[in-house]
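The entries follow in the order in which I looked things up.

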Amino acid sequence: MPPSQQGEPGTEGQPGSVSEPGTEGEPGRVSEPGNFSDPGNLAERRARAGRNLPAALAVGLALGALALLTLFTIKILFLVVVGVAVALALWELTRALRTRDIRLPLVPVVTGGSVMIALAYWRGERPLVAALAITVIVVMSWRLPGASAGYLRDVAAGLFALAYLPLMASFVALMLAPADGPRRTVVFLILVVCSDVGGYAAGSLLGRHLLVPKISPKKTWEGSAGAALACVVAGAILLPTVLHAPVWQGVVLGVAAVATATLGDLSESMIKRDLGIKDMGTVLPGHGGALDRIDAMLVSAPVIWLLLTIFIR
């Protein structure tokens, strides 16, 4: 995801900053975008997009270095990094949902999610499915001692969080498990980053036509084209050189990566709009929260894992 714009701090106790104000008394609404064909508005938009860019670049480079170091030394450490990122994202999501009086059962989701990621790495898909089912049962049981009012709402939130974060992250563990797992995972990470960087660069420089203004007032068709080009080129280069696969498979992987990364980004934007917040948190300067950083990776992981499983023997 491109570096997030850091908005003004929200109300005390809210996880992030409140989204751009719309009509007075409706803080969750974002104002309608201006005319991007006007040079003044375009310059203003670029200035907003580049806010805290040095911090965003520094954090991005540090995270990339950490990923490469752990992947190609002791790859279990990379799995620990994934677990920490998921736990932070779950904590952010829990705080965000509380603004709507939704009580996510964090303990069973974190515990069961950790077991799911570990089993996916060490034992494979079948134990992962069993751990998922057992965690669903625990989540339903965990909420029983409370009042009946809101039971379905809280359990549904817990199951959504379980599927959205630990389950998706478990496919990164599955990707990492084989002997060539670090190389597969590097391809996955680079493709998602290319979607982010390509979209951000093309959107900042050329963006004129909004993609989905009701969800994201900054995403443009030009940015999406830049993301697609970056992913396709990266896939065509990476798969033959890193995993010794045909170029056409790299192109397919690049198309899948940009589609799923965009979907992940837009889905998280929709969650934040529904909750009336700008960012999930502030743990990563220039990026927002942990969930703001990994949203595209979460949705891309199962699709890229599946394609790599089919392509690479």
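**Entry 1. Helix 7 and helix 9.** I found that helix 7 and helix 9 pack with their axes 9 Å apart, at an angle of about 60 degrees. Helix 7 is therefore oblique to helix 9. Their crossing is right-handed. Helix 7 contributes Val187, Leu191 and Ser195 to the contact, and helix 9 contributes Leu253, Gly254, Ala257, Val258 and Ala261. I sorted these by class into 6 nonpolar, 2 polar and no charged residues.

**Entry 2. Basis and terms.** The model is predicted: local features need pLDDT of at least 70 and side-chain atom pairs count only at pLDDT 80 or more, while totals for chains, interfaces and linings use all residues. Residues are numbered from 1 along each chain as its sequence is written, and side-chain values use heavy atoms, with hydrogens and water left out.
- Helices are DSSP runs (H or I, at least four residues), numbered from the N terminus.
- Axes are lines fitted to C-alpha atoms over the stretch in contact, with angles from 0 to 180 degrees between N-to-C directions.
- Angles under 35 degrees count as roughly parallel, over 145 as roughly antiparallel, 65 to 115 as roughly perpendicular, and the rest as oblique.
- A crossing is right-handed if the near helix is turned clockwise from the far one by less than a right angle.
- Contact means heavy atoms within 4.5 Å.
- Ala, Val, Leu, Ile, Met, Phe, Trp, Tyr, Cys and Pro count as nonpolar, Asp, Glu, Lys and Arg as charged, and the others as polar.

**Entry 3. Helix 9 and helix 10.** I noted that the axes of helix 9 (residues 247-275) and helix 10 come within 8 Å and cross at roughly 150 degrees. This makes helix 9 roughly antiparallel to helix 10. The crossing of helix 9 and helix 10 is right-handed. Their contact divides into 15 nonpolar, 4 polar and 5 charged residues.

**Entry 4. Largest pocket.** Which residues lie nearest the centre of the largest pocket? I listed Leu63, Gly64, Val193, Arg293 and Met297, from a lining of 41 residues. The elements giving two or more residues to this lining are helix 2 (53-71), helix 3 (75-98), helix 6, helix 7 (181-206) and helix 10 (290-311). Helix 2 gives the most, with 10 residues. By class, the lining has 36 nonpolar, 3 polar and 2 charged residues.

Methods:
On a 1 Å grid over the protein atoms alone, a cavity is a set of points where a 1.4 Å probe fits but cannot get out, and a pocket is an open set with protein on both sides within 12 Å along at least five of seven lines; lining residues have an atom within 4 Å of a point.
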